[in-house]
Amino acid sequence: MRRASRRTQSGSNMAYSHCLEPDWLPHVDAIIDVVSDGNCGYRCIASGLGLADVDGWRIVRRRMYDEIIGYEYLWREVLGSSFEPVKNAVHCPEKQEGASFKEWLTLPDMGLLVSTAFNVILVNLSHGSASTFLPLRSTPTSSLHNRLIIAMANERNIHWVRVSSMIFL
């Protein structure tokens, strides 16, 4: 059985450091690798939310699906032609374990959906495509320190890892 995640400390093996924008490397405390089963993007979100148990990824996909269905009028407008593919990607049958390519978490398509569904700031630190996503339907806070920030990076469009940094605390 594979472990749910493997922590790569910045002081030792930075196996996934090539995934990050070089300017971020001095600020990275750890890179957290997750199981690579097609749900790795959802597993990174789950890890950032403290739901890194075996089914954390499933909770993430369900919540994203509930968000896109519950506010369909909004997401049809925001996602346009990507609405149906995103809705189908986050739908998760009860017995499903892995995820096919069409079900993978993709950014930027799903960035706003993640940040809105969980009321978090999502930061993509991937080399060449860094971006930040803010929730669409939340009350602004007086300080960023009152909001959870989840950072992640993508390796060659096939695997997500979560990035931990003191900057995000």
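Reply: The crossing of helix H2 and helix H4 is left-handed in this predicted model. H2 covers residues 56-70 and H4 covers residues 83-90. Their axes lie 8 Å apart and meet at an angle of about 145°. On the H2 side, the contact is made by Arg 61, Met 64, Tyr 65, Ile 68 and Ile 69. On the H4 side, Phe 83, Val 86, Lys 87, Ala 89 and Val 90 take part. An α-helix has 3.6 residues a turn, so residues three or four places apart point the same way. Sorted by class, the contact of H2 with H4 holds eight nonpolar residues, two charged residues and no polar ones.

The largest nonpolar core has 30 residues, and Met 64 is among the four that touch the most other members, together with Tyr 42, Ile 45 and Leu 105. Both H2 and H4 give two or more residues to this core, as do helix H1 (40-48), helix H3 (72-79), helix H5 (111-118) and strand E5 (149-155). H1 supplies the largest share, five residues. Ile 45 shows how these parts come together: leaving aside neighbours within four places in sequence, Ile 45 is in contact with Val 60, Leu 105, Val 114, Phe 118, Leu 122, Ile 150 and Met 152. A second, separate core has 13 residues, including Leu 20, Ile 149, Ala 153 and Val 163.

Nine of the nine residues of H1 are buried, so H1 is largely enclosed by the rest of the structure. The buried residues include Cys 40, Tyr 42, Cys 44 and Ala 46, and also Gly 41, Ser 47 and Gly 48. Arg 43 also belongs to H1. Arg 43 has a relative accessible area of 13% and is buried, because the cut-off for that class is under 20%. Beyond its neighbours within four places in sequence, Arg 43 is in contact with Val 34, Val 35, Asp 37, Val 54 and Trp 57. The C-alpha atoms of Arg 43 and Asp 33 are separated by 9.4 Å, the two residues being ten apart along the chain. Just after H1, Gly 50 takes a positive phi of about 80°.

Further along, the loop between H4 and H5 contains Pro 108. The peptide bond joining Leu 107 and Pro 108 is cis, with omega about 15°. Asn 119 is not a glycine, yet its phi is positive, at about 55°. Its relative accessible area is 39%, so Asn 119 is partly exposed. Asn 157 also has a positive phi, near 60°, without being a glycine. Asn 157 is placed in the loop between E5 and strand E6 (159-164). Asn 157 counts as exposed, at 65% relative accessibility.

Glu 21 lies in the loop between strand E1 (5-9) and strand E2 (30-34). With a relative accessible area of 22%, Glu 21 is partly exposed. Its contacts, neighbours within four places in sequence left aside, are Leu 125, Ser 126, His 127, Gly 128, Ser 129 and Ala 130. Glu 21 and Ser 129 are 108 residues apart along the chain, while their C-alpha atoms are separated by 8.6 Å.

The chain as a whole sets these details in context. The protein chain has five helices and six strands. In sequence order the pattern is β-β-α-α-α-α-α-β-β-β-β. Among contacts in the protein chain with a separation of 6 or more, 62% are between residues 24 or more positions apart. Of the 169 residues, 46% count as buried. The accessible surface of the protein chain comes to about 9,000 Å², and carbon and sulfur atoms account for 53% of that surface.

Definitions and conventions. Residues are numbered from 1 along each chain as its sequence is written. This is a predicted model: local features need pLDDT of at least 70, side-chain atom pairs count only at pLDDT 80 or more; totals for chains, interfaces and linings use all residues. Side-chain values use heavy atoms; hydrogens and water are left out. Axes are lines fitted to C-alpha atoms, for helices over the stretch in contact, and angles run from 0 to 180 degrees between N-to-C directions. Helices (H or I, at least four residues) and strands (E, at least two) are DSSP runs, numbered from the N terminus. A crossing is left-handed if the near helix is turned anticlockwise from the far one by less than a right angle, and right-handed if clockwise. Contact means heavy atoms within 4.5 Å. Ala, Val, Leu, Ile, Met, Phe, Trp, Tyr, Cys and Pro count as nonpolar, Asp, Glu, Lys and Arg as charged, and the others, Gly among them, as polar. Buried means under 20% relative accessible area, exposed over 50%, partly exposed in between (1.4 Å probe, protein chains only). Accessible areas come from the Shrake-Rupley method with a 1.4 Å probe; for residues, only the protein chains shown count as cover. A nonpolar core is a set of buried Ala, Val, Leu, Ile, Met, Phe, Trp, Tyr and Cys residues joined through side-chain atoms within 4.5 Å.
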